[in-house]
Amino acid sequence: EDAIDAMRPGKSINEVWNAMTSTLYKGWGEDVMGLLRQGRLGHGLGLELTEWPSIVETENTILQPGMVLTIEPFLPLSSGNIICHEENVLVTTDGVEVLSDRATRKMDSII
């Protein structure tokens, strides 16, 4: 939710990454930050499945209307696996439009 709220034309990918990791940090603490910095938390969508820009800490690309991106937060599970959820969004002139069906707030256990 925080990543979607942070996505506006003129905002940087880094600002989206910061919004996502700030929320994940609140729930998981410093243990998860190293893992989050190793991967990306989303990417562009286009003719290829995975395109530029990647949602990573060091990406300064500025969001523009018409960009289509995935938001892919992930968290470690006690089993050593990770869970990843993807939302697809379109950057519009005044925010974003969520293109994918939203996940429910409460999910059944998969473990």
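The request concerns I55 and the part of the chain around it: where does I55 lie, with which residues is I55 in contact, and is I55 buried or exposed?

A: This is a predicted model, in which local features need pLDDT of at least 70 and side-chain atom pairs count only at pLDDT 80 or more, while totals for chains, interfaces and linings use all residues. Residues are numbered from 1 along each chain as its sequence is written, and side-chain values use heavy atoms, with hydrogens and water left out.

The chain has three helices and seven strands, where helices (H or I, at least four residues) and strands (E, at least two) are DSSP runs numbered from the N terminus. From the N terminus on, the order of elements is α-α-α-β-β-β-β-β-β-β. I55 is found in the loop that lies between β2 (51-54) and β3 (68-71).

With a relative accessible area of 0%, I55 is buried; the term buried stands for under 20% relative accessible area, exposed for over 50%, and partly exposed for values in between, with a 1.4 Å probe and protein chains only. Of the 111 residues of the chain, 36% count as buried.

Apart from its neighbours within four places in sequence, I55 is in contact (heavy atoms within 4.5 Å) with I13, V16, W17, M20, R40, L41, G42, H43 and T70. I55 and E72 are 17 residues apart in sequence, and their C-alpha atoms are 8.8 Å apart in space.

Two of these contacts, H43 and T70, also face each other: H43 stands opposite T70 in β3. Strand β1 (residues 42-44) pairs with β3 in the antiparallel sense over three bridges, pairing being assigned if DSSP finds at least two bridges between two strands. Both strands belong to an open sheet of five strands, ordered β2-β1-β3-β6-β7 with antiparallel pairing. β2 and β7 (95-98) stand at the edges with a single partner strand each, so one side of each is left without a neighbour in the sheet. On average, neighbouring strands of this sheet are turned by 35° against each other, direction ignored; the axes are lines fitted to C-alpha atoms, for helices over the stretch in contact, and angles run from 0 to 180 degrees between N-to-C directions.

For the chain as a whole, among contacts between residues at least 6 apart in sequence, 49% join residues at least 24 apart.
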